[in-house]
Amino acid sequence: MEFQPISGIWAIVAMSLKVTGMFTVLMLVVAYTTLAERRVSAWIQDRHGPNRVGPFGLLQPIADGLKSLLKEETVPATASRVFFVLAPMLVLAPALVTFAVIPFAAPLPTPAGVVDMIVADIPIGILYVLAFSSLAVYGVVLGGWASNNKYAFLGALRASAQMVSYEVALGLSLITVLMLAGNVTLTEIVWQQQQLGMWFAFPLSLAFILFVISAFAETNRLPFDMAEAESELITGYHTEYSAMKFSAFMIGEFGHMVTASALMATLFLGGWDLPGTWDNAFWYDGQLIKGFAADGTVVLASPALWKTLATFGGFAAKTGFFLLLFIWIRWTLPRFRYDQVMALGWKVMLPTALAYVMLIGGSILVLDEVGVPWGFSYGAALTAVSTVATVGFVFFLDRGRTITGAAAQYAQKVEVKTISQPASAGD
Amino acid sequence: MAISVKVMHRPEPETTSYLRAALSGMALTFKHMVNPAAVTQQYPEEQTDLSPRWRGTHRMEVHADGRPKCVACGLCPTVCPANCIRLVGGEDDQGNRYPVVYEIDEFRCIFCGMCQEVCPVEAIHVGRHFENAEYTRDRFIYDLDRLMEQDHPVTLLWDPSDPRGE
């Protein structure tokens, strides 16, 4: 049976449905992530969390949204009005737009043709993600600056420095993925993971760790929430925001979390790929193929509705796992000190990522020269190399030489002193 | 006396553990997350077991024919340390004394329970009940009818010969 990509008027219909559906699902996931954060934090602290609105508190996000809409919008008298209003939009939009290039399920066969389960399969995939996720920093900086508030401005400064710093490590850890996949399209990255027979989290374990850490910093989540730092900066860049504009910042933050989770799932955990080759599907030379036979001929894929649903479930589970990780870590680890954040970013993440790019690049070169075929043995060899690198990195990081502040590193050894005073009459 | 100054050393970089400590913290929070001990009591659904000697909202006992048991002897306003009971006694044509006005200001009341202790006919009681929130302040002055309407269990008085209530 021959499968053709959907075309003509039906392609437009399918595209509209995908855009609408994904926007709805993304907003719902964001809303329920806020609820999940509150419930999970409550469980971690032996509490119940919001459980009053609807069954198990499931209507709480709707109540929160309604409340935000009904609250008064305040604009500080000295604020720069245009930028003050613009900032929440600048945070919100990239968080929602980025999801467009992430494939979320196996292609779906319809009578009119096969529909790719991705909103925009553009050939610059990752670059688009990086470009738009960097845009979010403008919203944060503008929000802090336009508020005309010292704390907001400090938060914005910190956020921008931090996001720019970790973007470097994020991009460098991505480079290994791109080198291994040989492409920047996210559909092809998923396809290469299917062909390799293992998810990139194994052959690129150190890049995975670096990417997860950087993603935490990029999304301004604890332990990297320098931008908010309630105990130091009130709430940083959104101190002056109220009502729906504040909600927009929160939706933006959680939207970034969801997008970052989906991205980590796609890059390192195979995206919508499930174990086994039954779900593999990729457009190759105008044909939807499952893989290549030993003699190089293509094996055609057989997409089906149940495969699409199952792979979507797999994608949702992986994304959900990362969302839970975000929440779990937030309610476990305390905030870094600012100098520690910068030390970790520039002294640990950047050199490690650079060295790892060299290591993986060299390994790929050697493997290609030796002539190891792209497949399980190729992945296993890289896994061995990466495991050594990861163990070394973890051992080094665990000793904390680099994150310990300068004050502690060079602290003078002071002995315990006992000052004795003669007992006075008053005692 | 000696004043001692203890200088706290930060742990040496060589002996500190960052990732292991973070991971053990994660394990701890995960243990709590999957098994929340849930010490919170879900109050409106789950009620606390009040002690038998809990002293809360007042209640006036009534005879079978609906009259209050109170004989307006005046002991409870006399003994009340917070002066929250207002009693005006009257006498009917058979010579029985009854309360014409009997009001308790629940705001002034300190719930000591001495009115119940002193009552010779076991008419006024403090009760095992505390949910007496109202929308207006004047609703907190309970008149005789309101005291007679209360139907919560009454407080068990402390018995000096059996201090533990056994």
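Author: We will go from the overall picture of chain A to a few helices. Keep in mind that this is a predicted model.

Reader: Happy to start there. How many helices and strands does the secondary structure of chain A come to?

Author: Chain A has 13 helices and six strands. Its C-alpha atoms fill a box of roughly 100 × 55 × 40 Å along the principal axes. Of the 427 residues in chain A, 44% are buried. Among contacts between residues at least 6 apart in sequence, 78% join residues at least 24 apart.

Reader: Let's take helix 1 of chain A. What should its 36 residues span?

Author: At 1.5 Å a residue, helix 1 (residues 9-44) should span 52 Å, and its end C-alpha atoms are 51 Å apart, so the two values agree. Just after this helix, Asp46(A) takes a positive phi of about 60°.

Reader: And which residues of helix 1 of chain A are buried?

Author: First the general idea: an α-helix has 3.6 residues a turn, so residues three or four places apart point the same way. In helix 1 of chain A, the buried residues include Leu26(A), Val29(A), Val30(A), Thr33(A) and Thr34(A), and also Arg39(A) and Trp43(A).

Reader: What do those buried residues pack against?

Author: Within chain A, the buried residues of helix 1 pack against helix 2 (60-70), helix 3 (81-97), helix 9 and helix 10 (305-330). They also pack against helix 1 (19-34) of chain B.

Reader: Now a helix pair. How do I describe one?

Author: Two packed helices are described by the angle between their axes and the distance between the axes. Here, helix 7 (residues 205-218) and helix 9 (residues 243-268) of chain A pack at an angle of about 170°, with axes 11 Å apart. Angles over 145 degrees count as roughly antiparallel, so helix 7 of chain A is roughly antiparallel to helix 9 of chain A.

Reader: Which residues make the contact?

Author: Helix 7 of chain A brings Phe208(A), Phe211(A), Val212(A), Ala215(A) and Glu218(A), while helix 9 of chain A brings Ala260(A), Met264(A) and Phe268(A). By type, the residues of this contact divide into seven nonpolar, no polar and one charged.

Terms used:
Residues are numbered from 1 along each chain as its sequence is written. Chains are lettered from A and ligands numbered from 1 in the order in which they are written. This is a predicted model: local features need pLDDT of at least 70, side-chain atom pairs count only at pLDDT 80 or more; totals for chains, interfaces and linings use all residues. Helices (H or I, at least four residues) and strands (E, at least two) are DSSP runs, numbered from the N terminus. A residue is buried if 20 or more other C-beta atoms lie within 10 Å of its own, exposed if 12 or fewer, and partly exposed in between; C-beta atoms are placed from the backbone. Two residues are in contact if their C-beta atoms, placed from the backbone, lie within 7 Å. Axes are lines fitted to C-alpha atoms, for helices over the stretch in contact, and angles run from 0 to 180 degrees between N-to-C directions. Angles under 35 degrees count as roughly parallel, over 145 as roughly antiparallel, 65 to 115 as roughly perpendicular and the rest as oblique. Ala, Val, Leu, Ile, Met, Phe, Trp, Tyr, Cys and Pro count as nonpolar, Asp, Glu, Lys and Arg as charged, and the others, Gly among them, as polar. The expected span of a helix is 1.5 Å times one less than its number of residues.
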